[in-house]
Amino acid sequence: MDETTDELARALQGVLRQLDNAACSAKRPTPRLLAVSKTQPAARVAVLAAAGHRAFGENYVQEAATKIAALASLGLEWHLIGHLQSNKAKDAAELFDWVQTVDRAKLVTALARHRSAERPPLNVLVQVNIDDEASKHGCRPDEVAALAEAIAAEPRLRLRGLMAIPTPWPDLEKRRAAFAQVRQLYEALQQAHPGVDTLSMGMSEDHAVAIAEGATMVRVGTALFGRRPAAG
């Protein structure tokens, strides 16, 4: 291994240990790790793939398209975790295995229409804006049930659960309250849709709190790849 390869492989093992430890402390199942690979070159994604990791999250459809094509032979699982514009829904439906950021009915219709019958149904999460932040995307909590029904009614889509990005309060206990609210929505969704199995919440700095509150998938970028260089 060269220095970069060794560094990334060690970072992956370190994050996996952290997830295991947090889950053990909280008496929760260990969640899946989604490696957030936005802005990272395909070569670095390939290093993590060689170290055994399969699931990667991208924020932008166009950036992801290049990586997905370059790494097609590796059989990776690709998640869209950034806001999806309606005019990119066709590309997203063709490229990704999961879309975690569905927050309006228009997207449901577009993704279903463009998902090829030759591929498995597209896995979909409803993104909920749990703190009602004007600057954040996501539906309101009271809109989750109707949006989930619309997804579940589409044969080319598979409703898997919820995704949320709470306000990044410095006080992690304030984030904990938001995570707990999302878990309550998730549990209600499971009652209505027994196939629901994914609660995507928590990132590099707050994943332990998210796991304690029931996250089944956490999205980690910085702790794997390091901080992105500042612009300018």
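Visitor: What covers the buried residues of helix 5?
Guide: The cover includes helix 4, strand 4, strand 5, helix 6 (144-152) and strand 6 (157-164). Contact here means heavy atoms within 4.5 Å. Helices (H or I, at least four residues) and strands (E, at least two) are DSSP runs, numbered from the N terminus. This is a predicted model, in which local features need pLDDT of at least 70 and side-chain atom pairs count only at pLDDT 80 or more, while totals for chains, interfaces and linings use all residues. Residues are numbered from 1 along each chain as its sequence is written, and side-chain values use heavy atoms, with hydrogens and water left out.

Visitor: Which residues of helix 5 are buried?
Guide: They are Leu107, Val108, Ala110, Leu111 and Ala112. Buried means under 20% relative accessible area, exposed means over 50%, and partly exposed lies in between (1.4 Å probe, protein chains only).

Visitor: And strand 4, why is it largely enclosed?
Guide: Strand 4 (residues 98-102) is largely enclosed by the rest of the structure because five of its five residues are buried.

Visitor: In which sense do strand 4 and strand 5 pair?
Guide: Strand 4 and strand 5 (residues 122-128) pair in the parallel sense, over three bridges. Two strands pair if DSSP finds at least two bridges between them.

Visitor: What do strand 4, helix 5 and strand 5 make?
Guide: Together they make a right-handed β-α-β unit. Right-handed means that, with the strands pointing away from the viewer, the path from the first strand over the helix to the second runs clockwise. Strand 3, helix 4 (residues 89-95) and strand 4 also make a right-handed β-α-β unit.

Visitor: New topic: how many residues are in the largest nonpolar core?
Guide: That core has 62 residues, and those with the most contacts inside it are Phe96, Leu111 and Leu224. Its largest share, six residues, comes from helix 1 (residues 3-26). A nonpolar core is a set of buried Ala, Val, Leu, Ile, Met, Phe, Trp, Tyr and Cys residues joined through side-chain atoms within 4.5 Å. A second, separate core of eight residues includes Leu34, Val36, Ile81 and Trp98.

Visitor: How many disulfides does the structure hold?
Guide: The structure holds zero disulfides, a disulfide being a pair of cysteine sulfur atoms within 2.5 Å.

Visitor: Is cysteine 139 buried or exposed?
Guide: Cysteine 139 counts as buried because its relative accessibility is 2%. Cysteine 24, at 59%, counts as exposed.
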